[in-house]
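Please read them with the model open.

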Amino acid sequence: MSHLEWDESLCIGVYAIDKQHMKLVELVDEFLEAVARGRGDDITEEIIARLREYTVRHFHDEESYMEEIHYPARGEHHAAHRELARSVKLFQRDLYKRRDVSVDVLRHFLKKWLISHILDCDMKIGEWVRKEEEKKKIKAGEKEVPTQAEQQAENEALSESPEAEEDES
Ligand SMILES: [Fe+2]
């Protein structure tokens, strides 16, 4: 069975969140391994219960962090968390009903459930934090030009006309 493993591509660049994501990946992998080895339902149910418990804690911590930093997209991110919590709850209910859920189906669901969220939603938190840090550095005069694109825009503006507008996309 291929393992679900943590790798650098899942790193959002915020230490506390990355640490919890690592733990989540570990729990998902542990769960998939238990199912693959055909361990008793009580064990797989115990692991998925732990996974849900840890997920609740993680969502809570991540949401507190977004509040703390005034992350602008926190509203939609909260909604995405509610949806994820709901889908894992429904999946857990299915699992109780149908004892023959295959490892592949589980792996596909959990991978999509966790990895897609990290890559699509959580990654944006890290990107936003880095942009804000850049802005602070510029404000503090520690950095003059934030990106290559802005440097290029500035160079073009200087060479063309003094009124040329800078492209600050
Ligand atoms: Fe999240």
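1. The chain in this predicted model has five helices and zero strands. Read from the N terminus, the order of elements is α-α-α-α-α.

2. Of the chain's 169 residues, 12% count as buried. Among contacts between residues at least 6 apart in sequence, 62% join residues at least 24 apart.

3. Helix 1 covers residues 15-36. Its 22 residues reach 31 Å from the first C-alpha to the last, close to the 32 Å expected at 1.5 Å a residue. The buried residues of helix 1 are Ile 17, His 21, Leu 24, Val 25, Leu 27, Val 28, Phe 31, Leu 32 and Val 35. Seen down the helix axis, these buried residues fall within an arc of 160°, so they line one face of helix 1. An α-helix has 3.6 residues a turn, so residues three or four places apart point the same way. Tyr 15, Ala 16 and Lys 19 are exposed, on the face of helix 1 turned away from its buried side. Just after helix 1, Gly 38 has a positive phi of about 65°.

4. Which residues form the largest nonpolar core? There are twelve: Leu 4, Leu 24, Val 25, Leu 27, Val 28, Phe 31, Leu 32, Val 35, Ile 48, Leu 51, Leu 110 and Leu 114. At least two residues of this core come from each of helix 1, helix 2 (41-68) and helix 4 (103-139). Helix 1 gives the largest share, seven residues.

5. Leu 4, one of the core residues, deserves a separate look. Neighbours within four places in sequence aside, Leu 4 is in contact with Val 25, Val 28, Asp 29, Leu 32, Arg 107 and Lys 111. Val 25, Val 28 and Leu 32 are among the core residues too.

6. Apart from neighbours within four places in sequence, Ala 34 is in contact with Arg 39, Ile 43, Thr 44 and Ile 47. Thr 44 is ten residues from Ala 34 in sequence, and their C-alpha atoms are 6.1 Å apart in space.

7. Helix 3 has 24 residues and reaches 35 Å from its first C-alpha to its last, close to the 34 Å expected at 1.5 Å a residue.

Methods. Residues are numbered from 1 along each chain as its sequence is written. This is a predicted model: local features need pLDDT of at least 70, side-chain atom pairs count only at pLDDT 80 or more; totals for chains, interfaces and linings use all residues. Helices (H or I, at least four residues) and strands (E, at least two) are DSSP runs, numbered from the N terminus. The expected span of a helix is 1.5 Å times one less than its number of residues. Two residues are in contact if their C-beta atoms, placed from the backbone, lie within 7 Å. A residue is buried if 20 or more other C-beta atoms lie within 10 Å of its own, exposed if 12 or fewer, and partly exposed in between; C-beta atoms are placed from the backbone. The arc is that of the directions from the helix axis to the C-beta atoms. A nonpolar core is a set of buried Ala, Val, Leu, Ile, Met, Phe, Trp, Tyr and Cys residues joined through C-beta atoms within 7 Å.
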